[in-house]
Amino acid sequence: MSERVDVRKTYKLYVGGAFPRSESGRTYEVTSSRGAFLANAALASRKDARDAVRAARSAQPGWASATAYNRGQVLYRVAELLEGRRAQFVADVTAGEGLSAARAEAAVSAAIDRWVWYAGWADKVAQVAGNANPVAGPYFNLSSPEPTGVVGIVAPQRSSLLGLVSVLAPVIVTGNTAVVISSQQRPLPAITLGEVLATSDVPGGVVNVLTGKTAEVAPILASHMDVNALDLAGAAESDGVTWGELEALAADTVKRVRRPEADTEPTWRTDQSIGQILAFTETKTVWHPKGM
Amino acid sequence: MTAQTTSTVRPWVRDAAQVATDAAGLVGSAQISNTTLRRYLFGLPGVDEVGAKGRAAQLGTRSIKTTSKAWALDTIISMIDLTTLEGADTAGKVRSLVAKARTPEPGDATCPRPAAVCVYNDMVATAVEAAKGSGIHVAAVSTAFPSGRASLAVRLADTTDAVAAGADEIDMVIDRGAFLQGDYLKVYEDIVAVREVCQSRSARPAHLKVILETGELVTFDNVRRASWLSMLAGADFIKTSTGKVQPAATLPVTVVMLEAVRDFLAATGVQVGVKPAGGIRTSKDAIKFLVAVNEVAGVRWLDPDFFRFGASTLLNDVLLQRQKLASGVYSGPDYVTID
Amino acid sequence: MSAFEYAPAPESRAVVDIASSYGLFINGEFTEGSAGSLKTINPATEEALAEVAVADESDVDRAVAAARRAQEKVWGPMPGSERAKYLYRIARLLAERSREFAVLETLDNGKPIRESRDVDVPLASAYFFYYAGWADKLDHAGFGANPQPHGVVGQVIPWNFPLLMLSWKIAPALATGNTVVLKPAETTPLTALLFAELVQQAGLPAGVVNIVTGAGATGAAVVGHRDVDKVAFTGSTAVGKGIAKQIAGTRKHATLELGGKAANIVFADAPIDQAVEGIVNGIFFNQGQVCCAGSRVLVEESMHDELIDRLKARLGTLRLGDPMDKNTDIGAINSARQLQRISDLSDAGEAEGAVRWSADCAIPENGFWFPPTVFTQVSAAHRIAREEIFGPVLSVLTFRTPAEAIAKANNTPYGLSAGVWTEKGSRILWMADRLRAGVVWANTFNKFDPTSPFGGYKESGYGREGGRQGLGPYLVEGSTR
């Protein structure tokens, strides 16, 4: 009896709820931290980025108009599904990041817990960050945070799953949609996460994942006029492009930019905060007279 | 709506048939019923209270100085319905009131006279006699003023009395109870009936002022609907209040009524007058009303035929201001007469 | 019966002393500038009001150094309860000297005295009063315990609400423990300089507030100074983009309040008289030189003709002329340059096929004036429907359904404000949810309050000013960008 041959997975992009190959037809080799071949990942092109933004834009109003309760359940469901596929993620993270099994387990657990944490914020963020304003006149006046719109995310380069979840979940929890540029060297967990999202209740287009060269794709998102905001977490350590260059491109359309907090990436172990959510919201204030 | 420059109709020249025709034209049916009236009145645009008050407040910030102030003070005097409506009114009191109206500023012939004196029904004959030849109108508060809570027969008899005694103007009250319970037809028919009495003196019909008692209607939406309902039924004037209920003539409520007469003119070509009454005591306040007339309804309402102040103490304050303007020094209450 | 013409009712300008020249206010003192001076004029008469020093990089450097010293040595370490008292003092002083500030604002800016007296100055005082109270309550502001200031803030403000924008900038910055270097607009520096005197009266420690005057280069020097931790800018979107680019890749934080092209949406069931007032207030307040001006009226098609008739009748009662006259509704345009822009865009509107109507009012001989103007038959493709005119020019478009109204309202790179007029409550909330704008005025317009956050979506900028949210950008823990 010969050993059974594994059925390998083809890693593609995740755009608009589907898994297309790059329209360029290009791929690049992804290796383990030890240099072993893992897979060929799609090398996203300018047009793939355009398609992803389009998918994100068309999904955004619907996702934002889902009830907060519903969005919270959807995010929680992601955690459930992730838990069910934890072994695969541990394997991916172990291979890609070169972590010990225990550390990879911890990273995956933290990533799952992070979905749970942010899921719970869906129907609370407006209560904590919004408020009634006692204006000096007969007016009802209420401020509440609303999603910014389409957010481009340059995912952390090192922490391919936990880092990604740490920046993605707070973006989508309020009703934004995202175009993620995965870690360039460690893209596989991002695509696997896409598979989880595709089988979860997250509507197609809410999260779009591009794999490829950050320096090629990030400037496209940074300058794309239909992208409202950027999270540049992964631009601190990206090859060939700096976060400052991306921020300068973003200035042309007054994008909201979340800069990397330092020149090296954090471990993401404790990086969860309401501030991370609010960075991609807009305060909307509504006035109405009070009269008979 | 923009007041059209085509010739405007003075409302009191219309006969009952014409009033009915104008009403039918607006309501869209010759059949005036609660249903058609309700449909029409509830089709009027709403009034946002805060916005209406804001507009009034802004009008109140106009600064009327020097020549404009002099013009305004004289105009205000000419628009006053000098009023006494007390249980203690006597013939002597009424004669004194008329004398004051005849000679508001002894020794100054340039001082205009108030448009009218306004008295209770039983004082009409006294007032008419006293005012003879002065051009000062006599207005009577009829229809079981101020509550109006009497049968239609009694209210019509009341009105007939006043008209017979020579009243030039009848100030009637609407049935606020009927209005608030949605019986618009009753309010309409009451006005039509009272108007018929006014018009019965065909050589010199009495002008009909319809008092909405806005302090009891409370909301500006009600005020707007009651204004239109009264105009549909043939009011020559719409008047805010009896003066017996608070709040009475506020600037915002008057603004809402000025909007109504402006829009009624645009819709029908008929120019109805407005009379705020009750609570306007100072020149400063009265000038604000004049500004509102000017900017909301338009200059054609700056005319005693179309705008009146129902007031008792306003006249003396205006006279004090008038003296101050002429002499440059502040006057005092001993320098104006008490009627 | 004679018409009721209002005789002139001019506010006295004797209440304010204007010096012939002004220096820079650095470290608690007025000092010379290094780059010459510029002349500020009264836009209603074109008379010169004063010479004002121009700060260059070395002056800005002095100002930033003073601010840094004050922040580290005095203002930062000072208990919030003590900072609060200084801010309360400023609020009170502004109220006490309100007539002086109002007159000076009107002379320098051209806005009607009615507005500077009733809106700009009282609100400026109110912003200081409001933020004063926060200074010792920052632990409760929702940014964690003991939130920290950035340090030195560079602030650049526009000419449309000179004193009010100063208060929006300085009050929250100081309340949170920052010190400031503020540059007023080159055409309207005088109330900021009078404010500097008031800062002296308040006994504010030297260097906490520094005012440097000048034009764009001075502003760029403030924004670009290496020791400025945070930038707050209100002005045009073009300049705002430049600032965002200038600070890209640095650790400077920024708040940008930029342009707008607000839709003021009128449904057929609107409270029509109030809607007309709201439209008038929306686009003719401050001669339309307002970033959140309701410059696009979107009216339900079935109501279009009636609304236009009513609007024109109402505009006929607006009084254009001497801004110092208490009865003036429409004052002067702030500068020849701005007037040119308004004229150019209006001409473009006409050339592109929109129908132009202007209120019939006499235009004074001197000064910069533009009559209240309404364009009808405007289509979304016209420049006057897309570009911020920043003048008393209204573009009227129509819609058929609420969904179409939303689509048209949001069809702009801007997102500062929006208006909705309808008596139907559920529709208001439906609309408010979908309007992509930082402020939605429903059945009202152009209302401002210190407790109410203000700021835009999209290219109208980011960050909020006013309210609890207005503290965040001045605190490390509350700064998301």
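Predicted model: local features only at pLDDT ≥ 70, side-chain atom pairs only at ≥ 80, totals over all residues.
Residues are numbered from 1 along each chain as its sequence is written, chains are lettered from A and ligands numbered from 1 in the order in which they are written, and side-chain values use heavy atoms, with hydrogens and water left out.

Chain C is divided into two parts, domain 1 (21–258 + 458–478) and domain 2 (263–442), with bounds that come from an automatic or database domain assignment. The centres of domain 1 of chain C and domain 2 of chain C, taken over C-alpha atoms, lie 30 Å apart. Contact, defined as heavy atoms within 4.5 Å, involves 30 residues of domain 1 of chain C and 33 residues of domain 2 of chain C. Between these two domains of chain C an area of about 2600 Å² is buried, and carbon and sulfur atoms give 56% of this area. Buried area here is the accessible area (1.4 Å probe) that two parts lose on being put together, summed over both.

One salt bridge is counted between domain 1 of chain C and domain 2 of chain C, the term denoting a side-chain nitrogen of Lys or Arg within 4 Å of a carboxyl oxygen of Asp or Glu. A salt bridge joins the side chains of Arg114(C) and Asp329(C), at 2.9 Å from N to O. On the side of domain 1 of chain C that touches domain 2 of chain C, helix H3 (98–109) and helix H4 (113–134) of chain C each supply at least two residues. Helices (H or I, at least four residues) and strands (E, at least two) are DSSP runs, numbered from the N terminus. This side of domain 1 of chain C comprises 11 nonpolar, nine polar and 10 charged residues. In this classification, Ala, Val, Leu, Ile, Met, Phe, Trp, Tyr, Cys and Pro count as nonpolar, Asp, Glu, Lys and Arg as charged, and the others, Gly among them, as polar.

The interface of chain A and chain C brings 46 residues of chain A into contact with 44 residues of chain C. About 3300 Å² is buried between chain A and chain C, 47% of it on carbon and sulfur atoms. Three salt bridges are counted between these chains; a salt bridge joins the side chains of Glu282(A) and Arg464(C), at 3.4 Å from N to O. Across the interface of chain A and chain C, 32 residue pairs are in polar contact (both at pLDDT 80 or more). The elements of chain A that each supply at least two residues to the side touching chain C include strand E4 (139–147), helix H9 (243–251) and strand E10 (281–289). E10(A) gives the most to that side, with nine residues. By class, the side of chain A that touches chain C has 19 nonpolar, 15 polar and 12 charged residues. E10(A) is also joined by three bridges to strand E17 (residues 439–442) of chain C, and the two strands run parallel; strands are taken to pair if DSSP finds at least two bridges between them. Thr285(A) stands opposite Val439(C) in E17(C).

Between chain A and chain B, about 500 Å² is buried, of which carbon and sulfur atoms give 65%. In chain A, Pro289(A), Gly291(A) and Met292(A) lose the most area to chain B, together 79% of what that side buries. Zero salt bridges and one residue pair in polar contact (both at pLDDT 80 or more) are found across the interface of chain A and chain B.

Within chain C, an open sheet of three strands has the order E1-E5-E4, with mixed pairing.

How values were computed. Polar contact = N/O pair within 3.5 Å; in protein donor to acceptor, adjacent residues only side chain to side chain.
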